[in-house]
Amino acid sequence: ALTLDLHNELVDLHYLTLDFEGAEAAAKVVTERATDVLDTIRVYEIRIQYYVGQNRMQLAIDTVKEVLGVLDIPLTDELPADMSVGVLEHLPEMTDPRYLAAMRILMSSMPAVYIAAPDLLPLVSFTMVRLTVNHGVSRITSYAYSLYALIMAGVLGHFDVGFQFAQLALQELEKSKAVELES
């Protein structure tokens, strides 16, 4: 566990100092030696960030798809049947590490998806909302709801639904105290 933590920190260090080759070399050690896919999630998140930082958007998107495949979580274009705000306000907490990891990966995909594959934007949004409805709320749920609000109002023209989900996103943000998502 200590070695894994140190290598994840090393990937971070190389990424933050713009040493992308060093980051990739350290990431490769983690992905090759990890015994559980969940141990590699932080490396995938960092890889996605440094691919975006290098303007290699398609590679970032391919990495997102790869890790979602490993987690066995497909992108979906369908929403759950009951999307009423009343139901969504009372969901249990998401506890499964696999779904929590998928939510983080999906959130980290947004810069690349927005720039290089905007047609995937609704799929990312719908997948995040579906994971929330089916498996509970997480710190990232407010992000998922705000993205869904953007799709509903800005893309599909459903302004009332978009407004409801924007309000729900703000409520979830306040409940979760996810200051890293405040803007």
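**Close-up views of helix packing and selected residues**

**View 1. Packing of helix H1 on helix H2.** The axes of H1 and H2 come within 7 Å and cross at roughly 160 degrees, where axes are lines fitted to C-alpha atoms, for helices over the stretch in contact, and angles run from 0 to 180 degrees between N-to-C directions. That angle makes H1 roughly antiparallel to H2, given that angles under 35 degrees count as roughly parallel, over 145 as roughly antiparallel, 65 to 115 as roughly perpendicular and the rest as oblique. The model is predicted, so that local features need pLDDT of at least 70 and side-chain atom pairs count only at pLDDT 80 or more, whereas totals for chains, interfaces and linings use all residues. Residues are numbered from 1 along each chain as its sequence is written, and side-chain values use heavy atoms, with hydrogens and water left out. Helices (H or I, at least four residues) and strands (E, at least two) are DSSP runs, numbered from the N terminus. The crossing of H1 and H2 is left-handed, a term that applies if the near helix is turned anticlockwise from the far one by less than a right angle, with right-handed used if clockwise. On the H1 side, Leu-4, His-7, Asn-8, Leu-10, Val-11, His-14 and Tyr-15 meet Phe-20, Gly-22, Ala-23, Ala-26, Ala-27, Val-29 and Val-30 of H2, contact being defined as heavy atoms within 4.5 Å. By class, this contact of H1 with H2 has ten nonpolar, four polar and no charged residues, where Ala, Val, Leu, Ile, Met, Phe, Trp, Tyr, Cys and Pro count as nonpolar, Asp, Glu, Lys and Arg as charged, and the others, Gly among them, as polar.

**View 2. His-14 in helix H1.** His-14 belongs to helix H1, which spans residues 2–16, and is buried, with a relative accessible area of 19%; buried means under 20% relative accessible area, exposed over 50%, and partly exposed in between (1.4 Å probe, protein chains only). Not counting residues up to four places away in sequence, His-14 touches Asp-19, Phe-20, Gly-22, Ala-23 and Ala-26.

**View 3. Leu-18 in the loop between H1 and H2.** Leu-18 lies in the loop that runs between H1 and H2 and, at 61% relative accessibility, counts as exposed. Its phi is near 65 degrees, a positive value in a residue other than glycine. The C-alpha atoms of Leu-18 and Gly-53 are separated by 8.9 Å, although these residues are 35 residues apart along the chain.

**View 4. Packing of helix H2 on helix H3.** Helix H2 (residues 20–33) and helix H3 (residues 41–53) have axes that come within 10 Å and cross at roughly 155 degrees, which makes H2 roughly antiparallel to H3. H2 passes H3 in a left-handed crossing. Phe-20, Ala-23, Glu-24, Ala-27, Lys-28, Val-30 and Thr-31 in H2 meet Val-43, Arg-47, Tyr-50 and Tyr-51 in H3, and by class the contact of H2 with H3 has seven nonpolar, one polar and three charged residues.

View 5. The axes of helix H6 (residues 97–108) and helix H8 (residues 121–135) come within 10 Å and cross at roughly 160 degrees, which makes H6 roughly antiparallel to H8. The contact is made by Tyr-99, Ala-102, Met-103, Leu-106 and Met-107 of H6 together with Val-124, Thr-127, Met-128, Leu-131, Thr-132 and His-135 of H8, and its residues divide into eight nonpolar, three polar and no charged. Leaving aside neighbours within four places in sequence, Leu-131 is in contact with Ile-73, Met-94, Tyr-99, Ala-102, Met-103, Leu-106 and Gly-136. Leu-131 is also one of the residues that touch the most other members of the 56-residue largest nonpolar core, a nonpolar core being a set of buried Ala, Val, Leu, Ile, Met, Phe, Trp, Tyr and Cys residues joined through side-chain atoms within 4.5 Å.

View 6. Pro-92 lies in the loop between helix H5 (85–88) and H6, and counts as exposed at 55% relative accessibility. Not counting residues up to four places away in sequence, Pro-92 touches Gly-136 and Val-137. Asp-72 is placed in the loop between helix H4 (57–70) and H5, is exposed with a relative accessible area of 61%, and has a positive phi of about 60 degrees although it is not a glycine.
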